[in-house]
Amino acid sequence: MKTSDINISVRLDDNHVPERIEWKAEDTGSQAMSKAMLLAFWDEQEKNTLRIDLWTKEMTVEEMKAFFHQNLLTLSDTFERATGEGRMAAQMRDFASYFAEHMLGVEPK
């Protein structure tokens, strides 16, 4: 069985606000920086989601809106792939389009 590590390093300022987020995936071997991350784990015992949502001071509101839009689309795709619930995934994508229209100024299709 293979094990793969993903390491995340967060540098905080004196007020514990993230200044720098770095991550490295063992498989790629390269280290990358990021301005934001959303990480979720399913706690099987508690039947609950544990989340770590961080963003740096340099993350702009416009970048955060785009980040959330892309996450909404990715969640839709992942939900469909994991559950086969295409109809609900399509509704999630519709909301992502609505979000993009109102938050990013993207014209509706």
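This is a predicted model: local features need pLDDT of at least 70, side-chain atom pairs count only at pLDDT 80 or more; totals for chains, interfaces and linings use all residues.
The residues concerned are Met64, Phe67, His69 and Ser76. Helix 1 itself covers residues 61-83. With 23 residues at 1.5 Å a residue, helix 1 should span 33 Å, and the computed separation of its end C-alpha atoms, 32 Å, agrees with this. Just beyond the end of helix 1 comes glycine 84, whose phi is positive, at about 75 degrees.

Helix 1 and helix 2 pack with their axes 8 Å apart and at an angle of about 170 degrees. Because angles over 145 degrees count as roughly antiparallel, the pair is placed in that class. On the helix 1 side, the contact is made by Glu62, Lys65, Phe68, His69, Leu72, Leu73, Leu75, Ser76, Asp77, Phe79 and Glu80. Facing them in helix 2 are Gly86, Met88, Ala89, Met92, Arg93, Phe95, Ala96, Phe99, Ala100 and Met103. Sorted by class, this contact comprises 13 nonpolar, three polar and five charged residues. His69 and Ser76 take part in this contact and are also among the buried residues of helix 1. As a reminder for reading such a list, an α-helix has 3.6 residues a turn, so residues three or four places apart point the same way.

Turning to the strands, an open sheet is built from three of them, in the order 1-2-3 and with antiparallel pairing. Strand 1 (6-12) and strand 3 (31-34) lie at the edges, each pairing on one side only. From one strand to the next, the twist averages 20 degrees. Strand 2, residues 18-25, is joined to strand 3 in the antiparallel sense by four bridges. In the hairpin of strand 2 and strand 3, five residues lie between the strands, and glycine 29 adopts a positive phi near 75 degrees. For anyone tracing side chains here, those of a regular strand alternate between the two faces of the sheet.

Key. Residues are numbered from 1 along each chain as its sequence is written. Side-chain values use heavy atoms; hydrogens and water are left out. Two strands pair if DSSP finds at least two bridges between them. Helices (H or I, at least four residues) and strands (E, at least two) are DSSP runs, numbered from the N terminus. Axes are lines fitted to C-alpha atoms, for helices over the stretch in contact, and angles run from 0 to 180 degrees between N-to-C directions. The expected span of a helix is 1.5 Å times one less than its number of residues. Buried means under 20% relative accessible area, exposed over 50%, partly exposed in between (1.4 Å probe, protein chains only). Angles under 35 degrees count as roughly parallel, over 145 as roughly antiparallel, 65 to 115 as roughly perpendicular and the rest as oblique. Contact means heavy atoms within 4.5 Å. Ala, Val, Leu, Ile, Met, Phe, Trp, Tyr, Cys and Pro count as nonpolar, Asp, Glu, Lys and Arg as charged, and the others, Gly among them, as polar.
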